[in-house]
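Please look through the structure below with the notes beside it, taking the points in order.

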Amino acid sequence: MAALSQAPLSPAKLVYGDPVAEYLDPYFSQNWQLFAPTPVSDNRGILARATCADGSVTQYYDVSTRAVEKAQDSRFFPSREVRIVSAHLQNITNSEEIVRRIRQRQTNDKKPMLPPLPYERATEAEAVKGLSRYAYDQMPTVCNGKAAKVQVRMYVDQLPPWSKRHDPSAEGKVLVKDFAWQKARDLR
């Protein structure tokens with residue numbers, strides 16, 4: 001089982017891969033994230049706002065910074081709450097390596113961009129719902145506790161490149177993406 005799970009992609013792995021993974025998980029699963037293949041090069045988080053029952057829209061609230069501070073305040077037993085946000089943000093921003101390469105090549109060749117694939121749309125929808133649910137829970141007093149809808153805004157603050165670390169005028173970019181409104185009753 002272990003040998004088949006580590007074998008290169010083949011017809012046998014396509015047929016038997018899922019049953020093998022189910023058998024080996026959770027005790028013998030492989031996770032290569034230990035070695036940080038993509039080190040942190042940006043700050044990510046979410047802001048959220050709500051629509052009240054009367055139709056008014058609140059300001060944006062920073063709902064992810066508190067979880068980061070909570071994790072950093074306790075070095076020996078850190079809170080894992082921040083992983084709720086970071087896992088969903090990774091699902092939104094990461095794509096398969098082959099698809100990413102194709103899109104990069106299309107950008108370089110100025111060809112029309114490959115639209116999101118069905119599994120990418122489904123993964124993003126699930127992640128947005130999870131982020132919206134988290135944001136809704138972090139804003140219990142908004143609209144006197146009667147929010148009708150919640151909207152999440154993702155931000156990615158890209159840090160300046162390492163090569164410009166000694167340049168005080170170097171600036172990164174801030175990317176922002178607003179997601180669709182989610183009904184509060186669907187988030188409970």
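1. Among contacts in the protein chain between residues at least 6 apart in sequence, those that join residues at least 24 apart make up 61%. Please keep in mind while reading that this is a predicted model.

2. The protein chain contains six helices and five strands, and when these are read along the sequence they follow the pattern α-α-β-β-α-α-α-α-β-β-β. The chain is more spread out than a compact globule, because its radius of gyration is 20 Å, which is well over the 16 Å that the globule rule gives for 188 residues. Taken along the principal axes, the box that the C-alpha atoms fill is roughly 60 × 45 × 45 Å.

3. Of the 188 residues in the protein chain, 24% are buried. The accessible surface of the chain comes to about 13,900 Å², and carbon and sulfur atoms account for 55% of that surface.

4. As for charge, the protein chain carries 27 positive and 21 negative side chains, and the centres of these two sets lie 3 Å apart.

5. Leaving aside residues up to four places away in sequence, Q182 touches V128, K129, S132, A148, K149, V150 and L187. Q182 and R49 are 133 residues apart in sequence, while in space they are 11 Å apart, C-alpha to C-alpha.

Methods:
Residues numbered from 1 in each chain as written. Predicted model: local features only at pLDDT ≥ 70, side-chain atom pairs only at ≥ 80, totals over all residues. Heavy atoms only, no water. Helix = DSSP H or I, 4+ residues; strand = E, 2+ residues; numbered from the N terminus. Rg over C-alpha atoms; globule rule 2.2 N^0.38 Å. Buried < 20%, exposed > 50% of the residue type's maximum accessible area, 1.4 Å probe, protein only. Contact = heavy atoms within 4.5 Å. Areas by Shrake-Rupley, 256 points an atom, 1.4 Å probe, with all protein chains shown as cover. Lys, Arg positive; Asp, Glu negative; His and termini not counted. Charge placed at Lys NZ, Arg CZ, Asp CG, Glu CD.
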